[in-house]
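Good morning, everyone. Please have a look at the structure on the screen, and I will walk you through it.

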There are 2 protein chains.
Amino acid sequence: MKPSTSAREPLRTGELARIAGVSPDTVRYYERRSLLPPARRTAAGYRAFPAEAVARIKVVRGALAAGFSVSELEAILRERDRGGAPCRRVRSLAAEKLVAVESHLRDLERWRRELRRTLARWDRLLRKTGRGKRAGLLDTLASSPPIGRDPLRCARLGSSISRATSGNRRRERGS
Amino acid sequence: MKPSTSAREPLRTGELARIAGVSPDTVRYYERRSLLPPARRTAAGYRAFPAEAVARIKVVRGALAAGFSVSELEAILRERDRGGAPCRRVRSLAAEKLVAVESHLRDLERWRRELRRTLARWDRLLRKTGRGKRAGLLDTLASSPPIGRDPLRCARLGSSISRATSGNRRRERGS
DNA sequence: CTACACCCTGGAGCATAGTCCAGAGTCAAG
DNA sequence: CTTGACTCTGGACTATGCTCCAGGGTGTAG
């Protein structure tokens, strides 16, 4: 199990970031949030990471993608680094994620059904309404909340969606 | 079309809120965000809403539940109040929501599949690992990102999910 | 010596739809 | 007059996982 990474042992923040496919800011952020053990420092105060940090970051990214939160990971990794085996907790956390995902899936499906019905109704309304005349589309939503008594969750999702829909600037910078 | 609401005409903030099923803070918020036209004021500075405000709030809640954002609604309602007929825009906005919802649905389904596979793999690992020994569950996620190169959206969803999962304090206050 | 690339830190910003707060005024009943 | 229920305002706060910034230091090639 000798480290076979192509880069020489002590990695600086930027190197580690490039190899792991994240931004230097993210590396520093992970260290601050204890997802990465505190790096050694050079005389000048530069971070010097061991090669294992690359794998660690990949684990973190994978876990985040799976739905774990930074603070959950913090606790888990902390225990693991102390020699503990938080496997059961990890498993049950993942099981919770699955339950949550399934419930969201149901919400989204209901939402999709509602949107489709709404669009169909609106198209009917629009067809029998003159151009430039108001069809009162929104008004048909007034009594609609059979969505349950908590439109908030949907609204929240809605916002994250509209963000995902539109802007994707950033990225692209280096050589 | 005479207002048949049971309460006397000029509604104060709290009355309107109770009738419409939202909090007084929310009523003021909607007014500030121009979802509600500016209310008349009594001599003391209290808001005095017309009975129509109830319906307006219901429309807003319905639209929010359908996925419209406050600022979209602001623009739409503003134009409608000026006598315009933003129906086409409303319709196309809703169509966009549908597209977004469907795409999220696909993401969530992929996520669910991944979680299920992960759990199955982990259970296999756990079975052949002694109690209290580390099974390296998280490590199996390191190379997993076939989720695409953007775990962010998932992570974001994850967070909104965990919030939805756990805490639902507040509410309950009145008589 | 001078670019130029890279590193550091602490802190603000993002984006949403509210919620909650303090400090202060209003109003009807008792 | 006091109590209690209500109202007002402007602003801070919530949650997340980064991202970006200013202001300043480091390292090295030319």
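**Helix packing, core and loops**

Let's start with a pair of helices. In chain B, helix 1 and helix 2 are roughly perpendicular to each other, because angles of 65 to 115 degrees count that way. Their angle is about 105°, and their axes are 8 Å apart. Keep in mind that this is a predicted model.

Which residues make that meeting? From helix 1 of chain B come B:Thr13, B:Gly14, B:Leu16 and B:Ala17. They meet B:Pro24, B:Thr26, B:Val27 and B:Arg28 in helix 2 of chain B.

Now turn to chain A. Helix 1 of chain A covers residues 13-20. Its axis and the axis of helix 2 of chain A come within 8 Å and cross at roughly 105°. That makes helix 1 of chain A roughly perpendicular to helix 2 of chain A. On the helix 1 side, find A:Thr13, A:Gly14, A:Leu16 and A:Ala17. On the helix 2 side, find A:Pro24, A:Thr26, A:Val27 and A:Arg28.

Back to helix 1 of chain B, residues 13-20. Which of its residues are buried? They are B:Leu16, B:Ala17 and B:Ala20. They sit on the same side of helix 1 of chain B, because they cover an arc of only 100° around the axis. There is a general rule to remember here. An α-helix has 3.6 residues a turn, so residues three or four places apart point the same way.

What do those buried residues pack against? The partners are helix 2, residues 24-32, and helix 3, residues 52-66, both of chain B. After helix 1 of chain B comes B:Gly21. The phi of B:Gly21 is positive, near 80°.

Let's follow helix 3 of chain B. Helix 3 has 15 residues. From its first C-alpha to its last, it reaches 21 Å. That is close to the 21 Å expected at 1.5 Å a residue. Is this helix mostly covered or mostly open? Mostly covered: 13 of its 15 residues are buried. Just after this helix, B:Gly67 takes a positive phi of about 115°.

Next, the core. The largest nonpolar core holds 74 residues. Which of them touch the most other members? In chain A, they are A:Leu16, A:Val60 and A:Ala63. In chain B, they are B:Leu16, B:Val60 and B:Ala63.

Let's step back to chain A as a whole. Chain A has six helices and two strands. From the N terminus on, the order is α-α-β-β-α-α-α-α. Of its 175 residues, 30% count as buried. Now take contacts in chain A between residues at least 6 apart in sequence. Of these, 52% join residues at least 24 apart.

Now for a backbone detail. A:Ser34 is not a glycine, yet its phi is positive, about 65°. Where is A:Ser34? Look in the loop between helix 2 (24-32) and strand 1 (40-41) of chain A. A:Ser34 counts as partly exposed, because it has 16 C-beta neighbours inside 10 Å.

In chain B, look at B:Ser34. Its phi is also positive, about 65°, although B:Ser34 is not a glycine. B:Ser34 lies in the loop between helix 2 and strand 1 (40-41) of chain B. With 16 other C-beta atoms within 10 Å, B:Ser34 is partly exposed.

B:Thr118 is in helix 5 of chain B, residues 87-127. Why is B:Thr118 called buried? Because 21 other C-beta atoms lie within 10 Å, and the cut-off is 20 or more. Leaving aside its neighbours within four places in sequence, B:Thr118 is in contact with A:Ala66 and A:Ala94. B:Thr118 and B:Val70 are 48 residues apart along the chain, and their C-alpha atoms are separated by 38 Å.

The other threonine is A:Thr140. Find it in the loop between helix 5 (87-127) and helix 6 (151-165) of chain A. A:Thr140 counts as partly exposed, with 15 C-beta neighbours inside 10 Å. From A:Thr140 to A:Glu9 is 131 residues in sequence and 65 Å in space, C-alpha to C-alpha.

That is my tour. Thank you.

Definitions and conventions: Residues are numbered from 1 along each chain as its sequence is written. Chains are lettered from A and ligands numbered from 1 in the order in which they are written. This is a predicted model: local features need pLDDT of at least 70, side-chain atom pairs count only at pLDDT 80 or more; totals for chains, interfaces and linings use all residues. A nonpolar core is a set of buried Ala, Val, Leu, Ile, Met, Phe, Trp, Tyr and Cys residues joined through C-beta atoms within 7 Å. A residue is buried if 20 or more other C-beta atoms lie within 10 Å of its own, exposed if 12 or fewer, and partly exposed in between; C-beta atoms are placed from the backbone. Helices (H or I, at least four residues) and strands (E, at least two) are DSSP runs, numbered from the N terminus. The arc is that of the directions from the helix axis to the C-beta atoms. Two residues are in contact if their C-beta atoms, placed from the backbone, lie within 7 Å. The expected span of a helix is 1.5 Å times one less than its number of residues. Axes are lines fitted to C-alpha atoms, for helices over the stretch in contact, and angles run from 0 to 180 degrees between N-to-C directions. Angles under 35 degrees count as roughly parallel, over 145 as roughly antiparallel, 65 to 115 as roughly perpendicular and the rest as oblique.
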